[in-house]
Amino acid sequence: MQRKGLLFVIVALAFVALTVVPALAQDEFVFGLVLVGPENDRGWSQAHYEAGLYVQEQIPGSRMIFFPSLNPADAPETTLLDVATELIDQGAQVIFTTSDAFEEDTDAVAEAFPDTPFINISGDNYLTGEAPANVGNLMGQGEWSKIIAGCAAGLATETGSIGYLGPLINGETRRFAASAYLGARYCYEHYKGGNPDDLTFTVTWIGFWFNIPGVTLDPTEETNTFFDSGADVVMSGIDTTEAITIAGQRAAQGETVWALPYDFIGACDIAPDVCLGVPYFNWGPSYVSAIQAVKDGTWTPSWDWVGPDWTDINNPDTSAVGFVKGPGLTEEQSAQLDSFIADLASFATNPFVPNSFALWSGPLNLQDGTELAAAGQLVDPLDVWYLPQILEGMVGASE
Amino acid sequence: MKNRTLLTVGFALLPIIASVAITALLIVAVGSNPGDVFVAVTEGAFRDSRAFAGVINFWIPLALCSLGLIVTFTAGLWNIGVEGQMMIGAVFAAYGALFIDLPGPVLILVEILLAMLGGGLWAALVGFLKTRLAVHEIFGGVALNALANVWAIYLISGPWAPPSGGTAQATAPFKDTAVLPAISPEFPVSLIALLLVTATLVIVSFALSGTRWGLQLKATGKNSRSALLLGVPTTRSAMSALIVCGMVAGIAGSYRVLFTYESLRPLVSGGIGFLALLVVLLVGLRPLFAVIVGFAFAVILAGSTRLKVALQLDQSLAGVLQGFIVLLVLLSNGLRQRFTSDSTSSETPNTTTTVEIQRTQEHG
């Protein structure tokens, strides 16, 4: 009897293996990711890679294939066209090109593969009408998390001097630096009781998204320069983690300094004690909905600029951007930051407030004194998107 | 005699077999199957005409730079600045593509001439630093490489940014008349560039082996002091070698922007110039060999794109294999010189440089 039972189980298992497994395999849905940096950079590219892993968990039968470090310096022998061809050859049914560096090439490559949807991260070619019919754009509203990060910096600084390590200068990087500045100013004044005009907010643009020896400024050196010249908080706007690494080293030698890394939720781990928090992107939910739509045949291109879930900005299943508080905050600062985030949430969810970013309201001038918004006026979100200069009051270059 | 041929063949093959074996061991060590890797790379390079075009498109600038470097190595110069000369060639060609309005074929000719001018001028700077200010060409070259990159990034993020608000990642895509046409959509390679490589190969081979200029370069490279005493204008020889190399590197740079990327980008030279240095180290001063070995490198590198996608193996494996080949070939050259008194080996650039360094020391 026992033997019969065993036989039954084996036959049943074989049946399952023969029918269900191939059916599952047929249901497999392959999606491709093209990364501009390595998948373990603890920054921008890793955030995308982890979103791919998240998709695999959420959508049964989905499988990620990816190509890391596609840029002329690391992979001179290959182009986006070669990589996309390779990904499609391996079965990819939708491709995410995860950098503004791929914006123009994505359009060209998409024309060569009109049946494959392409989603370019952080670009706006759908918005401007330049993109072919199979290209959409996706970006998280990092402005919010940068405002929160700026607030944390404004709360913590004792010297009243904050350094911002910027990558290259474009609309995206200007609006993120400016958002951080507005957050820092607000919290320095309203929670810390300082005079916001005494706050120094300096941006140093290193010239690229990450350090390229001999080409960009060295972010390690620039972070040290910030600290040497009186700043006690350095915020990172680049893809990699030099700011927090250096802050950790200097704190170990007894200095009172802090840092805010960027992009990747786990970036505080590098030096937890000096970490005030990390503004990060959570691409997973947006990836899932795009991939599900492609899978269901309902996908249409769009330009998506996705904000946080204000009921919980750190909900991994719903919020596109978030801010994780770091151990470097005192309890008081942490509570103040919570209250600030709650204020942002009530601003953003108030049905009577037009679509806009908190603190992006007049009087605000661009760096050269041109008025961006008159007193009481809100800045249109697209004017934030295309911010032509950094803001008056910030120290640093606008172009 | 027969023994000696056997020995030469052995010394040539042994390092390649050894590096393949070491790389295979490494692949096993990271838990993969060398056979799969071999299949992936081969498929990556030769799967279809598009994949093969990827190989050719990487090979074209590599072959050009290698040919240019043979000229400077002949004159005993380590033109490490070849990378920056490529970059400036790209910048000059991009200027033509963005701002000059001419009918297609004329515009392309102008762009290539501009690239040659740019690369040549940048190399002339290395020459000027060396001959007038006694700055060794390696140091001058490295500095000028960095400057070339910074200049390109400045242009891309500033004056040449697209009117729609640039992302500082590239200029606007060039107009259709400004880019090199592809042979066909299935085989996207530029015929003009292939012809340029062929022409450069023929010209460099002939100039070095059959002209007075080539002889002067060789004399300068072998022993600049005696050459000078024998009436060879060594300064002029060195300068002309650098300028010729710069011009050829400029063409290579123009190919990267006029075909591969169709816009100017940061770091568009992509280390191809440095790779070309390795190629020439391997083959010595033999132009045809440089072109062939360059092709093998292109196959390994372009084919390895598939490694990442299909096997999720780090693409730098290809770089590791390449590094081993170069190291072991150099090592075996050294051994061969020790075991045989092979006179042809003095043709290789590393020995030439020894002469060069000795000469500098004598001056010092």
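Mentor: Among contacts in chain B between residues at least 6 apart in sequence, those joining residues at least 24 apart make up 76%. The model is a predicted one, and chain B is described in it by 15 helices and 0 strands. For 364 residues a compact globule would have a radius of gyration near 21 Å, and the 21 Å of chain B agrees with that expectation. Along the principal axes, the C-alpha atoms of chain B occupy a box of roughly 65 × 55 × 35 Å. Of the 364 residues in this chain, 52% count as buried.

The contact itself draws on 35 residues from chain A and 32 residues from chain B. The size of an interface is often expressed as the accessible area lost when the parts come together. Here the area buried between chain A and chain B is about 2,900 Å², and carbon and sulfur atoms contribute 58% of that area. Between the two chains, 5 residue pairs are in polar contact, with both residues at pLDDT 80 or more. On the side of chain A that touches chain B, strand S2 (62–67), helix H3 (80–89) and helix H4 (103–112) of chain A each supply at least two residues. The largest share of that side, 7 residues, comes from H3(A). Sorted by class, the side of chain A that touches chain B holds 18 nonpolar, 9 polar and 8 charged residues.

Side chains of opposite charge can pair when their charged atoms come close. Over all chains, a search of the whole structure finds 14 salt bridges, and across the interface of chain A and chain B the rule finds 5 salt bridges.

Consider A:Asp89, which forms a salt bridge with B:Arg47, with the closest N and O atoms 3.6 Å apart. A:Asp89 lies in helix H3 of chain A, whereas B:Arg47 lies in the loop between helix H2 (34–46) and helix H3 (49–74) of chain B, so this pair joins two chains. A:Asp89 is partly exposed, at a relative accessible area of 42%.

B:Arg306 counts as buried, because its relative accessibility is 7% and the buried class lies under 20%.

B:Arg47, in turn, meets A:Glu86 in a salt bridge between their side chains, at 3.3 Å from N to O. Through shared partners, salt bridges join A:Glu86, A:Asp89, B:Glu43, B:Arg47, B:Asp48 and B:Arg306 into one network.

The side chains of B:Glu137 and B:Lys130 meet at 2.7 Å, N to O, and both B:Glu137 and B:Lys130 are buried.

How values were computed: Residues numbered from 1 in each chain as written. Chains lettered and ligands numbered in written order. Predicted model: local features only at pLDDT ≥ 70, side-chain atom pairs only at ≥ 80, totals over all residues. Heavy atoms only, no water. Contact = heavy atoms within 4.5 Å. Buried area = accessible area lost by both parts, 1.4 Å probe. Salt bridge = Lys/Arg side-chain N within 4 Å of Asp/Glu carboxyl O. Polar contact = N/O pair within 3.5 Å; in protein donor to acceptor, adjacent residues only side chain to side chain. Helix = DSSP H or I, 4+ residues; strand = E, 2+ residues; numbered from the N terminus. Nonpolar A, V, L, I, M, F, W, Y, C, P; charged D, E, K, R; others polar. Rg over C-alpha atoms; globule rule 2.2 N^0.38 Å. Buried < 20%, exposed > 50% of the residue type's maximum accessible area, 1.4 Å probe, protein only.
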